[in-house]
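I opened this entry to record what I looked up in the structure, going from the whole chain down to single contacts.

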Amino acid sequence: SIRICSGKFLLYCCEIIGGEDGLSLMDRNTNATINSTDISYASCRGIFANPDFKIKESAVYNCGSYGIKGRSGWTDLGGNNLQPGPWNEWGGGY
């Protein structure tokens, strides 16, 4: 969980397994980029984010509820395998 990070944050070539949420970004001032990272087997969501973020060449799969809950949306830079869910890239439901 990244609670306070009011700057740039790069998660590169990582593997996150488990947890309630695999990756939780709470600070709306975080400028996060997720690149070449696998997030799996979280009991709720793979990614739960208040700020918008960028994701590229990453995978979010086998999570309990759905892949991503992004309140402010996210930018899909391509090459991703994202578990489907009710939230879309623009921060709302489908």
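I began with burial in this predicted model, and I noted that 46% of the 94 residues of the chain count as buried. The accessible surface comes to about 4,900 Å², and I recorded that 48% of this area belongs to carbon and sulfur atoms.

I then checked the overall dimensions, where the C-alpha atoms fill a box of roughly 30 × 30 × 25 Å along the principal axes. The radius of gyration of the chain is 12 Å, which agrees with the value near 12 Å that a compact globule of 94 residues would have.

For secondary structure I counted 11 strands and zero helices in the chain. I also looked up how far apart in sequence the contacting residues lie: among contacts between residues at least 6 apart, 20% join residues at least 24 apart.

Next I followed the pairing of strands, and I found an open sheet of four strands in the order S2-S5-S8-S11, paired in parallel. Its edges are strand S2 (15-17) and strand S11 (81-82), each of which pairs on one side only. Strand S2 is joined to strand S5 (residues 38-40) by three bridges in the parallel sense, and there I noted Glu15 opposite Asp38 in S5.

Last, I turned to the largest nonpolar core, which has 18 residues, and those touching the most other members are Leu23, Leu25, Ile47, Phe53 and Ile55. Strands S1, S3, S4, S6 and S7 each give two or more residues to this core. I looked at Ile47 in detail and, leaving out residues up to four places away in sequence, I listed among its contacts Leu23, Ile34, Phe53, Ile55, Gly67 and Lys69.

Notes: Residues are numbered from 1 along each chain as its sequence is written. This is a predicted model: local features need pLDDT of at least 70, side-chain atom pairs count only at pLDDT 80 or more; totals for chains, interfaces and linings use all residues. Side-chain values use heavy atoms; hydrogens and water are left out. A nonpolar core is a set of buried Ala, Val, Leu, Ile, Met, Phe, Trp, Tyr and Cys residues joined through side-chain atoms within 4.5 Å. Buried means under 20% relative accessible area, exposed over 50%, partly exposed in between (1.4 Å probe, protein chains only). Contact means heavy atoms within 4.5 Å. Two strands pair if DSSP finds at least two bridges between them. The radius of gyration is taken over C-alpha atoms; the globule rule is 2.2 Å times the number of residues to the power 0.38. Accessible areas come from the Shrake-Rupley method with a 1.4 Å probe; for residues, only the protein chains shown count as cover.
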